[in-house]
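I opened the notebook to record what I looked up, entry by entry.

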Amino acid sequence: MPLEFAKSDALTFGVELELMVLNTRDHDLTRGAPDLLRRLAKAQLPGEVKPEITESMIEVNSAVHRRFPELAADLVQVRDAIVREAGRLNLAVAGGGAHPFHRWSDRRIFPAERFLKVSALYGYLAKQFTVFGQHIHVGVESGDDAVYLTHRMARYIPHFIALSASSPFSQGEDTSFETSRLHAVSAFPLAGHMPPVGSWDEFNRYFDEMAGYGIVASMKDFYWDIRPKPEYGTIEIRIGDTPLTVSAAAELAAYAQCLAAELLRSRREGAVEPLYRVYGYNRFQACRFGFEAMLADPGAHTHIRLREDLLATLYRVQRVASELGCAEAIAAIGARAEAAANDSGWLREQFARTGSLSDVVRLQAERWRDDPAKAAPQEGEVRLRAAK
Amino acid sequence: MAALPFLPDLPLTLSYPLLFGVLLVAGMLGGEAARRLRLPRIVGYVLVGFAIAPVASAMNIGPLLDEARIFVDIALGLVLFDLGRRLDLGWLKRDWTLAASSVGECVLVFAAVFAALSALDFTPLQAGLAAAIAMATSPAVVLLVAQDTRAEGQVTERAFTLVALNSLLASVVVTMLLATVHYEVRLDLTNAVLHPLYLFAGSLALGGAMASVARTLARMLERSPDLHFTLVAGLVVAAVGLAQAGKLSVILALLAFGMFSRNEGRGHELMAVDLGRASRLFYVVLFVITGASLPLSAFETAGWAAAILVAARAAGKLAGVFVFASLGGLRLRQALGLGATLLPMSSIALLLQHDVARLYPEFGQQLAAVLLAALVAMELAGPIAVQWGLRFAGEAEPDRRPAPPVAQGVAGQAR
């Protein structure tokens with residue numbers, strides 16, 4: 001039974017953001033998702049807010065958009081609603097890829113059938129999967145385009161890692177990595193990347209083979225960094241930590257949209273295997289060193305500093321960015337790359353200043369709440385009516 | 001014997017260290033026995049206390065047990081401080097239903113108990129004092145059972161807030177009623193006004209002063225949880241001593257100390273250290289001594305009246321929570337659970353009862369017997385109610401049984 005690839009408008013996009021649910025006493029993770037979700041279910045919001053594997057997480061799904069400013073405004077509106085309802089429950093919510101000091105064994109599996117099954121199968125990996133990522137969906141018109149983009153986007157995965165990195169601490173210690181979250185993902189047997197298939201048909205044959213072995217039943221069983229998402233008609237980039245602000249999350253989605261546009265416009269030729277030969281090494285470099293990572297370039301047989309590669313790429317997508325209405329987002333990313341500033345750096349600064357990880361989480365929750373400032377109420381109302 | 005002067009005299013002198021050690025170990029064993037029966041550990045601690053009482057009086061160490069109240073005071077200090085720290089006034093602003101249910105349950109408990117005792121022919125002042133004491137929920141029981149069941153969630157958090165508020169309110173109302181008593185008995189207006197004023201202002205000032213000392217010292221310390229823990233524990237015990245020396249209210253002073261130690265809007269100097277494990281040593285002894293000091297005979301003399309008091313109080317607590325539960329977005333299950341967690345009646349009530357008896361012996365043997373009998377019953381029923389409430393609301397941690405090592409397939413089970 002071949003997977004049906006739902007056609008969607010090319011270059012539409014949206015995001016999923018996994019968020020921390022915290023107590024306001026010492027800002028450890030807490031069991032707040034069920035009550036928070038019940039309150040949010042009554043709110044009129046663009047997109048959805050859903051449970052995740054443990055009861056200290058929630059997941060925001062944005063609506064589908066064409067342009068960056070709309071996505072950014074949407075996310076601010078959802079964020080404001082979450083902050084308001086969390087306040088009534090005396091909870092705080094924050095971005096960031098991993099909680100710096102929670103104990104995974106304290107977590108509780110969200111009592112939904114799917115999560116209970118994951119927990120029964122994966123044991124402690126399920127609770128350790130209490131990490132917080134941003135998934136970016138970009139619409140494509142066909143399964144073949146999805147396969148093409150999934151491969152070619154792999155080359156840029158280190159950029160997303162460096163830009164989104166926001167999990168330098170784990171189990172109360174500085175890991176020396178820019179992001180520690182990806183280790184929790186790598187532990188799963190079906191993590192990694194898509195095999196080098198050349199077309200949607202070929203992908204289907206691979207999928208059937210795996211299903212035939214009884215290893216997978218749906219695309220969800222692949223925990224790849226980038227995967228085609230036939231149900232939505234998108235490719236899904238799952239590599240990033242959840243940034244500390246919604247604006248950074250929207251900007252990263254805009255970068256993915258621009259890259260996809262550029263890759264579809266000037267199609268790359270050549271074998272994909274070399275891309276994957278350096279993939280694991282480059283991914284590690286980006287996780288460990290962020291902007292200063294030295295990436296292996298399989299074409300040029302040389303190394304290039306991630307930051308320079310990123311700046312060159314941003315320059316290349318500038319034209320496409322102004323066409324798509326993302327110029328502002330690309331400029332913001334460019335400025336961060338120039339300054340080599342990411343959220344992990346900010347978190348380390350806060351720790352150096354306060355000396356307490358509990359304070360770091362409090363500050364990251366405040367940043368999530370306040371940056372960017374609240375949407376003007378009238379504007380919000382207009383959007384709300386439009387959504388109805 | 002005189003030939004060997006280095007040998008101790010017999011029988012051996014019982015000392016505080018020995019007493020503390022024995023109570024601690026015996027209490028712990030009782031707690032573990034209770035846990036095996038799936039009962040809260042506190043039930044075991046209290047039963048050990050009940051069992052120790054006759055032994056103690058037979059061995060004539062009753063007075064020593066009374067003086068061991070120092071352990072009880074330290075334990076209560078830690079409990080009240082911890083509770084004050086959890087009282088977030090900002091939350092009451094963000095969710096008015098929480099404030100409303102606090103006022104609601106206190107008013108309803110007061111009204112119900114007052115009505116019940118009036119019907120039993122107690123004077124209005126006696127009924128009022130008992131009703132005010134009945135408003136207080138035992139913070140030690142709620143904190144300890146929540147810790148034992150590793151409960152987390154809205155019911156647990158709301159219970160902490162409501163318990164802090166009703167302890168506060170109960171001690172304020174008792175103080176005010178005592179002033180009235182003072183006036184009626186001695187017709188001394190100056191003392192009737194000044195005494196409660198001194199208690200309120202003095203206790204709050206002490207709490208505030210201790211909090212600023214804590215902050216100032218914390219600023220000079222490295223931010224390590226161990227150092228901050230030692231700092232907090234030391235200052236809490238000192239604050240108990242100061243409150244007693246100054247004839248202030250230990251309850252108000254320590255709650256205030258906890259509240260002022262919260263970091264809202266301040267420099268966040270003091271870390272939110274976990275007092276849990278170390279303070280358990282004192283909590284165990286607290287419940288054993290409480291058990292030992294409760295006269296079980298009160299239950300025989302005033303059993304029925306106590307049952308009525310307990311029932312009226314429970315009705316008031318449940319009704320108070322239910323009135324605002326749905327407005328606050330609580331499910332029925334959560335509201336029931338929350339109501340149950342407010343039932344324990346223990347050390348705070350006992351402390352208030354002692355205060356009343358000390359200042360106002362006219363309070364009456366009979367009413368004291370009713371309150372003490374209610375305390376005996378709730379000492380056992382309270383922890384069970386809290387454990388049930390937290391489990392029923394789904395906030396206690398489910399039993400951790402490792403899954404059997406049966407291989408399963410991956411298919412269809414992704415996150």
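**Entry: a covered helix.** I started with helix 8 of chain B, residues 139-148, in this predicted model. Helix 8 is mostly covered, with 9 of its 10 residues buried. I listed the buried ones: B:P139, B:A140, B:V141, B:V142, B:L143, B:L144, B:V145, B:A146 and B:D148. Next I looked at what follows helix 8 of chain B, and found B:R150, which has a positive phi near 50 degrees.

**Entry: positive phi in loops.** I kept a general point in mind: most residues other than glycine have a negative phi, and most peptide bonds are trans. Then I looked for exceptions. B:R38 is not a glycine, yet its phi is positive, near 60 degrees. I placed B:R38 in the loop between helix 1 (16-36) and helix 2 (41-58) of chain B. Is B:R38 buried or exposed? I found 8 other C-beta atoms within 10 Å, so B:R38 is exposed.

B:D121 is another non-glycine residue with a positive phi, about 70 degrees. This one sits in the loop between helix 6 (96-119) and helix 7 (124-135) of chain B. B:D121 counts as exposed because it has 9 other C-beta atoms within 10 Å, and the cut-off for exposed is 12 or fewer.

**Entry: a cis bond.** In chain A I looked up the peptide bond between A:D371 and A:P372. It is cis, with omega about -5 degrees. A:P372 lies in the loop between helix 16 and helix 17 (377-387) of chain A.

**Entry: two crossing helices.** I turned to helix 14 (residues 297-325) and helix 17 (residues 365-392) of chain B. Their axes come within 7 Å and cross at roughly 80 degrees. That makes helix 14 of chain B roughly perpendicular to helix 17 of chain B, because angles of 65 to 115 degrees count as such. On the helix 14 side, the contact residues include B:A298, B:G303 and B:L309. On the helix 17 side, B:A369, B:L372 and B:M378 are among them.

I followed one residue of helix 17 of chain B, B:L372. B:L372 has 23 C-beta neighbours inside 10 Å, so it counts as buried. Leaving aside neighbours within four places in sequence, B:L372 touches B:L294, B:P295 and B:A298.

**Entry: nonpolar cores.** How many residues does the largest nonpolar core have? I read 145, and B:A75, B:V113, B:I133, B:L254 and B:L309 have the most contacts inside it. Helix 9 (residues 154-186) of chain B gives the most to this core, 16 residues. Beyond four places in sequence, its contacts include B:G77, B:F81, B:G207 and B:V240. A second, separate core has 107 residues, A:L75, A:I82, A:A256 and A:A321 among them.

**Entry: where the chains meet.** The contact takes 30 residues from chain A and 23 from chain B. Helix 3 of chain A gives the most to the side of chain A that touches chain B, with 4 residues. By class, I recorded 10 nonpolar, 9 polar and 11 charged residues on that side of chain A.

**Entry: confidence.** Chain A averages a pLDDT of 92, and 96% of the residues score at least 70. Over residues 378-388 of chain A the pLDDT is below 50. Where pLDDT is low, the predicted coordinates should not be read in detail.

How values were computed
Residues numbered from 1 in each chain as written. Chains lettered and ligands numbered in written order. Predicted model: local features only at pLDDT ≥ 70, side-chain atom pairs only at ≥ 80, totals over all residues. Axes fitted to C-alpha atoms, helices over the stretch in contact; angles between N-to-C directions. Parallel < 35°, antiparallel > 145°, perpendicular 65-115°, else oblique. Contact = placed C-beta atoms within 7 Å. Core = buried A, V, L, I, M, F, W, Y, C linked by C-beta atoms within 7 Å. Buried ≥ 20, exposed ≤ 12 C-beta atoms within 10 Å, placed from the backbone. Nonpolar A, V, L, I, M, F, W, Y, C, P; charged D, E, K, R; others polar. pLDDT = per-residue confidence, 0-100.
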